[in-house]
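Open the model in your viewer and keep the sequence panel beside it.

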Amino acid sequence: MERRGFMVGAAALFLGGCSKVADTPAAQSLFRASERWNRAAHRFLGGGGLVKEYDRSEISPFFRGNGSQTVDTPAYAASRAAGFADWRLTVTGLVANPLSLSLDNLKRLPQRSQITRHDCVEGWSAIGEWTGPQLSTILDGAQLLPDAQFIVFRCADTLNGSRYYESIDLDDAYHPQTIVAHALNGEPLPERNGAPLRLRVERQLGYKHAKYLTGIEAVASLEGIEGGNGGYWEDRGYHWYAGI
Amino acid sequence: MKRHALSTRLWHWINLVCVVILFMSGLNISNAHPRLYWGDWGFAPEDAWLIVPRFPDWMTIPGRYSLAGAREWHVLMAWPFALGLLLVWIAMLANRHFSRDLTTSRAEWRWSAIRSDIAKHLRLDFHHSGSKFNFLQKLAYGLVFGVLLPGLIATGMGISPGMEPLLSPMIELVGGRQSVRSLHFIFAWLLFGFFVVHVLLVLLSNPFRQLRDMITGGRDGA
């Protein structure tokens with residue numbers, strides 16, 4: 001018992017030290033730097049390659065929904081009841097040709113289907129087949145302006161009272177496996193997985209794959225958008241680059 | 001000649017800090033989803049081969065549940081941990097520490113030799129002549145340097161989706177991403193097991209001299 005008491009005491013001292021260190025500007029800038037190193041290393045080593053695509057037989061029997069399971073508004077319920085006929089995905093910001101796309105518009109674009117693995121930041125994985133147009137097709141249609149550095153995704157759902165949103169850089173935006181999915185395993189997206197539209201950005205963790213998409217916005221900087229860190233979870237301390 | 005080369009000593013203490021922070025932040029990350037699976041996917045308790053107990057706050061970094069905070073520590077300390085291992089391997093090969101002290105001879109693998117080594121260990125008799133380390137030490141250090149430490153780095157990179165384009169052949173070889181994640185966890189606990197035995201044996205074999213020598217270098221044969 002005494003030894004355990006000593007261990008707990010030593011751990012408490014060490015932990016207190018660690019949390020003091022973590023709060024210093026030096027530690028914070030090291031944390032930010034390591035996020036840049038991770039991104040640079042992954043981009044260098046991965047070289048823009050594709051993630052593995054699986055066989056239909058490897059699809060997991062159920063695709064868990066995490067975070068928001070629905071959008072808790074009467075407007076969403078009404079739109080869902082009407083098959084999302086009135087749903088629009090706007091493309092705005094630093095583009096020469098702003099767009100407002102219906103589900104039909106999106107389904108008439110060239111489609112990509114990919115059976116990929118979804119990795120949650122918590123640690124679990126699920127495999128599903130996603131279908132939709134590549135984000136690059138949509139961005140090309142809107143004609144990105146030269147100043148655009150990031151693509152911001154606006155969502156209909158709220159978590160703990162705040163609007164969900166996400167952002168990625170142009171490298172991920174133009175990756176061939178980055179798509180705006182309207183179908184999972186050949187069926188319209190289930191509500192818990194982001195109906196009617198969600199982002200698939202396969203080289204990053206699950207929280208980057210924004211659900212219930214309403215808008216795509218090209219921006220030069222993430223400052224001034226919501227909490228300024230580029231995403232709902234990023235504003236709550238999570239890494240913006242979630243490839244690790 | 002010094003008992004421990006400068007590169008060994010520097011790495012030893014830097015690596016200790018890295019491993020302690022990586023292990024304790026890893027336990028916090030484990031608390032986020034305390035289930036382990038084999039294969040490519042898994043999310044439900046019935047898919048799991050192991051339901052991991054929740055680690056108490058005094059064992060984790062930060063000292064309360066925070067997946068975001070734990071991940072900041074974990075992916076930062078992974079850098080000095082991985083680069084340090086790479087550099088110490090280069091140093092061990094260059095200064096012949098590896099070939100001189102850590103490689104085994106065929107005779108050492110004979111069962112009779114291993115048995116007498118174990119018997120001596122159990123009597124807490126750590127004297128041995130001829131080489132710096134006895135067979136069990138070489139085996140332990142060989143496993144740590146050759147399997148556990150590089151294995152932790154490889155499996156850590158293997159569960160990162162950003163590394164997937166490069167590493168998916170390795171991931172498939174192991175049996176899928178959730179298998180790689182399980183291995184990451186198993187390697188971490190094997191390393192913890194090594195840590196406990198290592199500290200115990202230092203305590204049993206003149207700990208003050210051992211600690212002093214790992215700081216100042218000591219003298220060979222002293």
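**Stop 1: a tryptophan in chain A**

Select A:W87. This residue is buried, because 22 other C-beta atoms lie within 10 Å. (Buried means 20 or more other C-beta atoms within 10 Å of the residue's own, exposed means 12 or fewer, and partly exposed lies in between; C-beta atoms are placed from the backbone.)

A note before moving on. This is a predicted model: local features need pLDDT of at least 70, side-chain atom pairs count only at pLDDT 80 or more, and totals for chains, interfaces and linings use all residues. Residues are numbered from 1 along each chain as its sequence is written, while chains are lettered from A and ligands numbered from 1 in the order in which they are written.

Where does A:W87 lie? Find the loop between α3 (74-81) and β1 (89-93) of chain A. (Helices, H or I of at least four residues, and strands, E of at least two, are DSSP runs numbered from the N terminus.)

Now show the neighbours. Leaving out residues up to four places away in sequence, A:W87 touches A:S79, A:S102, A:L103 and A:P196.

**Stop 2: two domains**

Colour 1-47 of chain A as domain 1 and 51-236 as domain 2. These bounds come from an automatic or database domain assignment. Taken over C-alpha atoms, the domain centres are separated by 32 Å.

**Stop 3: where the chains meet**

Show chain B. Here 30 residues of chain B are in contact with 40 residues of chain A. On the chain B side, α2(B) gives the most, with eight residues.

Definitions and conventions: Contact = placed C-beta atoms within 7 Å.
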